Every structure is written in structure tokens, then in C-alpha cells.
Amino acid sequence: MFARGLKRKSAEDGEDVEGGLAGTQATPSYSLQRQSLLDMSLVKLQLCHMLVEPNLCRSVLIANTVRQIQEEMTQDGTWRVVAPQAAGRAPLDRLVSTEILCRSVREQEGERPAPDVGDGRMPGLVPGLSAVPSAQALRSPQSSLWEVDSSRENRGGFQKSLDQIFETLESKTPGSVEELFSDVDSSYYDLDAVLTGMVGSTQSGHGSGLQAFTSAATPPPGSSCRSDLGELDHAVEILVET
Amino acid sequence: MAGAGGGGCPAGGNDLQWCFSQVKGAVDEDVAEADIISTVEFNYSGDLLATGDKGGRVVIFQREQEAVVRTKCRIWRDGVLPLFACILAVRYAATALPAERWGSGLREAHRNKSRPHSRGEYNVYSTFQSHEPEFDYLKSLEIEEKINKIRWLPQQNAAHFLLSTNDKTIKLWKISERDKRAEGYNLKDEDGRLRDPFRITALRVPILKPMDLMVEASPRRIFANAHTYHINSISVNSDHETYLSADDLRINLWHLEITDRSFNIVDIKPVNMEELTEVITAAEFHPHQCNVFVYSSSKGTIRLCDMRSSALCDRHAKFFEEPEDPSSRSFFSEIISSISDVKFSHSGRYMMTRDYLSVKVWDLNMESRPVETHQVHEYLRSKLCSLYENDCIFDKFECCWSGSDSAIMTGSYNNFFRMFDRTTRRDVTLEASRENSKPRASLKPRKVCTGGKRKKDEISVDSLDFNKKILHTAWHPAENIIAVAATNNLYIFQDKVN
């Protein structure tokens with residue numbers, strides 16, 4: 001279920017072909033490509049032109065794509081999340097998803113050296129055309145700003161900066177400002193809506209979908225999704241702090 | 001299913017041989033961002049061609065009035081009755097010129113006698129700055145001055161009116177000519193200085209003297225502060241009194257005379273913006289039924305609304321959507337189904353939509369699927385991931401009908417544009433490039449090679465230049481003249497007169 005023309009390798013190493021939808025969808029190269037697409041989409045969403053209002057149509061289309069990928073990954077059972085390990089995790093269930101992503105990102109920081117510019121992450125995606133221009137251009141400034149920082153303020157900063165980013169997508173008339181703050185933590189809500197698309201359930205704060213995310217399973221080491229979010233995290237922090 | 005063609009006008013597409021006519025714009029390799037053309041539109045007679053660019057400027061070209069001379073000469077030579085000749089001459093003049101310029105129009109026409117074989121060329125008529133960059137202090141964001149759309153109003157007097165819009169503000173411009181000047185004022189001198197009242201001993205009546213033609217553009221109405229999101233479409237109603245403007249989430253109805261009020265007729269903004277999954281991408285009024293309009297969405301659907309049914313047209317009268325082909329489903333299916341342009345046919349019976357890979361013609365009486373689907377660049381389907389990466393997948397291509405509705409045209413990459421003849425079911429790919437810019441040079445059909453073996457003169461998919469995109473094209477309302485915007489250049493092509 002990827003762009004037509006991209007070859008999918010047949011299942012290797014005796015992978016369980018009964019799991020997942022068509023069996024071929026869970027193959028490593030397909031998962032890798034899907035993961036890359038997810039990374040790319042998240043990067044595109046976060047990289048707003050801060051001076052000119054971003055294109056709402058483009059943002060909506062990318063967000064819908066992210067949602068589709070997330071839904072499929074959830075169905076495949078490949079959407080796995082680190083169980084919260086550090087002390088002092090937020091009690092509210094609906095904060096779990098973002099927090100976990102942030103925390104696991106910081107764990108990744110310790111493991112990874114300055115990141116490679118991601119060439120290896122997109123095999124077979126760019127057959128003839130020029131390679132990965134936007135993603136690489138993004139990663140170079142981010143990698144130079146790589147810092148380990150696990151303070152709680154950071155997470156607030158992350159969410160706050162996302163809030164700012166999403167505010168540029170919406171109007172700032174009084175009515176919609178109220179909409180923005182209709183929940184206790186609306187910035188998280190924005191992120192969640194974008195990432196999971198399970199908006200209705202988050203309204204009450206106890207989405208069954210979110211619970212699925214918390215079902216713990218250790219991620220494969222060096223999961224690219226987490227480290228990409230880490231890079232995003234830091235890029236956004238830099239934007240907020242400057 | 002064959003689509004019905006238009007009336008008796010010459011068919012478009014491949015029955016004709018398209019020839020280069022003119023190209024406007026700088027030749028430099030370095031293109032200034034402000035010079036990129038963002039909209040192209042012929043007026044109702046086709047004698048005026050307006051372009052808008054990213055720098056907020058509007059340039060209007062006017063067609064030379066050579067038709068008058070040629071017709072008159074020929075008829076006199078053939079010895080046809082003088083009365084018939086007069087009628088024909090008047091008919092041409094009425095379509096080409098405003099009534100009161102009849103006299104000077106002839107004068108201009110005679111000037112072209114030296115080039116009897118040239119078709120009417122388009123020359124610059126007026127240039128003005130329509131929109132300036134603005135800054136929204138509340139959001140700390142710039143408002144781009146890029147002209148998103150220009151729509152002409154039907155001509156009602158000597159002046160020409162057009163609507164131009166950027167992301168937030170619509171302006172009504174009046175373009176008028178002045179070729180006379182009053183001389184002999186009592187209170188001031190010819191250079192404008194006030195005369196000393198004590199020196200005035202006699203009164204005189206100012207007289208009108210001819211002067212060099214001056215074309216002035218003045219903003220007559222400014223329709224502002226009605227759109228929170230970016231305006232993507234404007235459309236003049238067939239009643240010639242109202243028009244609609246559409247942004248990502250709302251459509252407003254305006255009266256041309258009233259700038260401080262507009263009616264909201266469509267609002268798809270959800271209560272929680274986080275629930276937003278669909279936006280409005282284009283909207284247009286029906287060409288004849290003043291109560292009917294359509295709007296397209298980013299999910300590939302078109303809704304037809306009747307303003308008589310309720311004040312807020314959130315409930316559509318018709319809903320057009322083609323069922324998805326499950327075999328070609330991918331993560332990009334929704335993005336490529338997003339409709340970038342919707343245009344009614346001149347007849348009002350059909351409408352055409354452009355999505356990323358195809359153009360579809362819909363019969364307004366059938367909502368379940370289009371009556372025609374034309375592939376623009378199907379060879380890009382296997383490249384969607386790369387095109388998503390470099391954002392080309394979000395390019396918004398426009399489309400247009402020929403005057404008789406027998407052909408449709410749309411742009412592609414590498415400065416290619418495609419034409420589909422609906423009657424012969426044939427299509428052609430042509431290129432707008434400086435290499436093919438010899439006067440009256442025929443355009444050679446181009447072909448993109450998708451398979452392994454590349455034939456001579458074919459271009460492979462991987463060699464396409466995705467920075468050279470033709471997003472905006474326009475077709476003369478009556479003749480086979482097309483205007484194609486290629487980045488900062490405007491190409492005009494005409495059919496070869498046999």
C-alpha cells in the first residue's frame with residue numbers, strides 16, 4: 001500500500017505473514033519506507049514558515065497522511081512506544097503519548113552520536129530524481145545544535161512551541177482562541193490530533209486509542225522515529241528560544 | 001462516453017497546428033521571485049489579457065486591432081454592397097473597441113496596414129501595482145502581495161473593470177483611457193499654477209484637445225477584512241452585480257457596490273480546528289444560473305450549491321465524487337485527489353476539475369462519476385514519493401476550456417502543457433520554451449518516455465525539470481489563441497491560419 005512502482009521485497013527470515021493486513025505490508029523495506037514517509041511528514045508539518053502564514057491546505061493534507069500512516073501502523077501493531085521509566089511522569093493519561101515520545105527521544109540522545117544525515121534511511125525512495133533535499137537541509141542545522149537536555153521545562157517548551165506553530169494555522173480571533181484553550185492542555189491536544197487523528201476520544205481525555213499507545217513494548221534500538229522526533233524537538237526549542 | 005462538443009466554432013486540440021506568437025517577460029536565467037506570474041485571464045471579448053504576479057503587479061495586454069482593416073479592405077475590393085461592409089465593420093469594432101473609441105480605433109487600425117498578414121498581437125496596455133505587502137500585527141505574519149486571481153467584469157461602458165485578489169483583500173480596479181485633455185482653464189495655467197485672480201480679465205470656455213493615449217488604473221472598491229484564511233478563488237456572478245470569494249474554509253458573497261459587508265454562504269470550519277480534515281480549494285459561479293455555484297475540496301469532492309435553498313449553503317444540492325479505485329490506493333491517494341481548480345464549461349452543462357494527475361469533465365446531471373477523465377502526466381504516479389518530498393505534489397495546476405468547449409487545456413512540468421480534444425478524443429503535449437520562439441513557428445508535439453527505450457526527441461521522466469511548471473493557462477473566449485504562463489514568461493500561441 002505504498003506508491004505504485006516501488007518494489008516490495010518478499011517476506012524474509014520467516015516473518016509471520018499472517019500478521020498484519022496483506023502480509024507483504026509488514027516487510028522490513030515497506031516498514032522502513034513507511035517510517036521514512038512518516039518522518040518526512042512530521043518534519044514538513046513542523047517546518048512552518050514563521051514569517052508568512054503556512055498553507056492550510058498543505059498542512060491538512062500532510063496531517064491526513066500522517067494520520068493514515070499512524071492508523072495503518074496501529075493496525076499492524078508496529079506503532080510501539082517506550083514505557084515511561086523516569087520518575088515524575090505526568091499523572092494524566094492523555095499526556096502520556098507526548099511525554100513518552102519526548103522522554104524516549106532524550107533517551108535516544110544519550111545513545112546516538114551526532115546523527116548521520118539520514119542517507120541510509122531512505123532506500124529506494126528516490127530512484128532517479130534528486131535525493132532528499134528538504135530533509136537533509138533540515139537535519140544539518142539540527143545536528144549541529146544537538147544537546148542533551150532532559151529538564152521538564154524543555155518539554156513545556158516543546159509543547160509551547162508546537163502551540164505557537166499551530167496557532168499560525170488558525171485564526172487568532174477571540175472565538176478561536178477559546179477553542180484553542182478549550183482543553184486544559186491544548187497544545188498537547190494539537191499535537192495529539194495531528195499525530196493520531198483520534199480527536200474525539202481525546203476530548204474526554206481517555207481515548208482508547210491512546211491506551212493502545214501505552215501498551216508497553218520496548219522499541220527496536222535506534223528506532224528512527226524517535227530520533228527524528230528528537231531532532232524536531234530540538235529544532236523547535238531553538239526556534240522558541242531565539 | 002463521448003462528451004458533447006460546443007457549437008460551430010473551430011475545434012481545439014489537435015485539429016489545429018499551434019504556432020508561437022509572442023513571449024513576454026525577461027530572458028534571464030535568474031528569475032526574480034516577484035516576476036513569477038501567478039494568474040492569467042482573458043476578458044470577455046478576448047482583447048485584453050491580464051496577468052498578475054507574485055510582486056502584486058497586474059499587467060494588461062491589449063490586442064492590436066488589425067481585424068478591422070483587413071475585413072474592410074477585402075470587402076471593398078470584392079465589391080460587396082457598401083451597406084454590408086459597414087455592418088461588418090461595425091460588428092468587428094463593437095467587439096474590439098469600446099463604443100466611444102470607434103474613431104481612434106480606426107486610426108490605430110490603419111497603422112497596421114503595413115503588416116497585413118500579422119494576426120493581432122498583444123502589447124502592454126496598462127501596468128499597475130494592485131496589492132502591496134502587508135503585515136498582520138496581531139499574528140506577526142506577513143500577508144503576501146501575490147495576486148492569486150484576476151477576474152474581469154463584463155464591459156458595460158468605455159472603461160474596463162477587473163477584480164484582483166491576494167490572500168486577504170479583493171480590489172476592484174477601473175482601467176480607463178484618456179486621450180483628450182482640457183485646455184484653457186480660467187483659474188490655472190497650462191502647467192497647473194494658479195493664475196493671479198486680479199490678472200484675469202476675461203472668461204474663456206476650456207476646450208478639449210487630443211493628447212497621447214494614457215491608460216489609467218484606479219482602485220474603485222476595496223473588499224477587505226472578510227477572510228481569515230487565504231483566498232483561493234473569486235468568481236463574478238452572471239447577474240454582474242455580485243461575486244463570491246472563497247478561502248480555505250469559507251465562501252463569502254459580495255455586492256460589487258458594497259465593501260463593508262459580505263454574506264457568508266459556506267462555512268466548513270469545524271468547531272475544533274483539530275478536527276479539520278478538509279479544506280475548500282476552488283469555487284465558481286455557474287455561468288448562466290446566478291443562484292448556483294460549486295466548490296471543490298482537498299478530498300477530491302465537488303459540491304454544487306443553490307443559494308435559493310438557504311442563506312448558509314452548508315448543505316449541498318449536489319455532491320460529485322468519483323469512487324476510489326482500490327487497486328491504486330496509496331498513502332498519496334488523498335493528496336493527489338485534491339482538486340486544484342474547477343471550471344464550468346461555457347455552456348454551463350459541464351464542469352471540469354483538475355487534480356494532481358488528471359483532468360475530469362463532469363456532467364452536472366451526474367454526480368456519481370465524471371463523464372471524461374484525461375491523464376495529464378500519469379508517468380508521475382510512480383514518483384509520488386519524491387514529488388511529496390520536494391513539495392511538488394502540492395502544486396496547484398489550473399485548467400481551462402476552449403471557447404466552444406470542444407477542447408480543454410492544462411499545464412504540467414518541464415514547461416509542458418497538455419491539450420485534450422473532446423470530440424476527436426486526441427491529446428497533445430506541447431512545450432513553452434524560448435527555443436521554439438521563432439515567429440509563427442509551429443509547435444512540435446512532445447512526448448515523455450516512460451519505458452526503458454527512449455526514442456529520439458522523447459524526454460525521459462527523470463530528465464523533467466520540476467521547477468519549470470505551467471500552473472496558469474488561459475484560452476481566448478472566441479478564437480484559438482492561448483496564453484501560457486511559464487514562471488516569469490508569458491507565451492501566446494495561435495493556431496495556424498490556413
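Guide: Let's start with salt bridges: a search over all chains of the whole structure finds 34 of them. A salt bridge is a side-chain nitrogen of Lys or Arg within 4 Å of a carboxyl oxygen of Asp or Glu. Before going on, some ground rules: this is a predicted model, where local features need pLDDT of at least 70 and side-chain atom pairs count only at pLDDT 80 or more, while totals for chains, interfaces and linings use all residues. Residues are numbered from 1 along each chain as its sequence is written, chains are lettered from A and ligands numbered from 1 in the order in which they are written, and side-chain values use heavy atoms, leaving out hydrogens and water.

Visitor: What is the general idea behind such a pair?

Guide: Side chains of opposite charge can pair when their charged atoms come close. Take Asp35(B) and Arg57(B), whose side chains form a salt bridge at 2.6 Å, N to O. This pair links distant parts of the chain, 22 residues apart: Asp35(B) is in the loop between strand E1 (18-24) and strand E2 (37-42) of chain B, and Arg57(B) is in strand E4 (residues 57-63) of chain B. Those labels are DSSP runs numbered from the N terminus, with helices (H or I) of at least four residues and strands (E) of at least two.

Visitor: Which parts of chain B does the salt bridge of Glu278(B) and Arg303(B) tie together?

Guide: Those two side chains meet at 3.6 Å, N to O. Glu278(B) lies in the loop between strand E15 (258-267) and strand E16 (280-285) of chain B, and Arg303(B) in strand E18 (residues 302-306) of chain B, so the pair ties together parts 25 residues apart in sequence. Glu278(B) is buried, at 18%, and so is Arg303(B), at 15%. Salt bridges can share partners as well: that is how Arg34(A), Glu72(A) and Asp76(A) join into one network.

Visitor: Now the helices. At what angle do H1 and H2 of chain A pack?

Guide: Axes are lines fitted to C-alpha atoms, for helices over the stretch in contact, and angles run from 0 to 180 degrees between N-to-C directions. Helix H1 (residues 28-46) and helix H2 (residues 56-76) of chain A pack at about 145°, with their axes 9 Å apart. Contact here means heavy atoms within 4.5 Å. Among the residues making it are Arg34(A) and Leu38(A) of H1(A), and Ile69(A) and Glu72(A) of H2(A).

Visitor: Which backbone angle is worth a look at Asp391(B)?

Guide: Check phi: in Asp391(B) phi is positive, about 70°, although this residue is not a glycine. Asp391(B) sits in the loop between helix H5 (384-389) and strand E24 (399-401) of chain B. Arg425(B), also not a glycine, has a positive phi near 60°.

How values were computed:
Buried means under 20% relative accessible area, exposed over 50%, partly exposed in between (1.4 Å probe, protein chains only).
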